[in-house]
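User: I'm new to this structure and would like a close look at one part, the sheet and what surrounds it. Could you walk me through it?

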Amino acid sequence: MPQFATAQDQRYAQALMQPALIRIIDNIRKQLDDSDWQGRYRDDMRWPAEATAEQKQQYLALQEMLETATPEEHDQIQRTLAQLPTPEHIYVLCLTKQDAQQEINLWQLCYRLCSVAEDSSDPMTVDTSLLDLQQGDVDWIALDKKAQRLVANAFQGLA
């Protein structure tokens, strides 16, 4: 996760990330339809360095238990999970074309979409043109146009 220039930028990014992911995935689908690349998605987990093998195994087992837990069990499982190291989920688009393979980190692409400076190592400032601040909502048209351009550029940059 990037550093944010302000707490407000972090709140804006949180509001934009799900819509950004939706628009990125939709535009990837469109690009895949028009290209020779084949794509599949992979969910990787990056664990904190201090996480032990036992903690990782316990975390994964508890996550599975959540799917069928009663409301009372759910609360207890959530309390136990809160005490364990939590992995960072990394969503990756795996692309193949003949013998070529490429990977695109979808969260990084989403953060680039939400950022004013798409390729900066500085703390992130959110592109507020993607938000309708008066309505308190996402500007879906602006978000889609920017997502379309970013995804097209990502595909053009493939080897």
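Analyst: Let's start where β1 meets β2: nine bridges join these two strands, which run antiparallel. Strands here are DSSP runs of E with at least two residues, helices are runs of H or I with at least four, and both are numbered from the N terminus. Bear in mind that this is a predicted model, where local features need pLDDT of at least 70, side-chain atom pairs count only at pLDDT 80 or more, and totals for chains, interfaces and linings use all residues. Residues are numbered from 1 along each chain as its sequence is written, and side-chain values use heavy atoms, leaving out hydrogens and water.

Along that pairing, Gly39 stands opposite Leu95 in β2. Step back and you get an open sheet of three strands in the order β1-β2-β3, with antiparallel pairing (two strands pair if DSSP finds at least two bridges between them). At the edges sit β1 (38-46) and β3 (100-105), each pairing on one side only. From one strand to the next, the twist averages 25°. Helix α4 packs on this sheet, touching β1, β2 and β3, and its direction makes about 55° with that of β3. Contact means heavy atoms within 4.5 Å; axes are lines fitted to C-alpha atoms, for helices over the stretch in contact, and angles run from 0 to 180 degrees between N-to-C directions.

Now for the core. Leu95 turns up again here: in the largest nonpolar core, of 29 residues, Leu95 is among those that touch the most other members, along with Leu16, Ile24, Ile28, Leu113, Met124 and Phe155. Each of α1, β2 (88-97), α4 (106-114) and α5 (140-156) supplies at least two residues of this core, and the largest share, seven residues, comes from α1. A nonpolar core is a set of buried Ala, Val, Leu, Ile, Met, Phe, Trp, Tyr and Cys residues joined through side-chain atoms within 4.5 Å. Buried means under 20% relative accessible area, exposed over 50%, and partly exposed in between, using a 1.4 Å probe and protein chains only. In soluble globular proteins, nonpolar side chains tend to be buried together.
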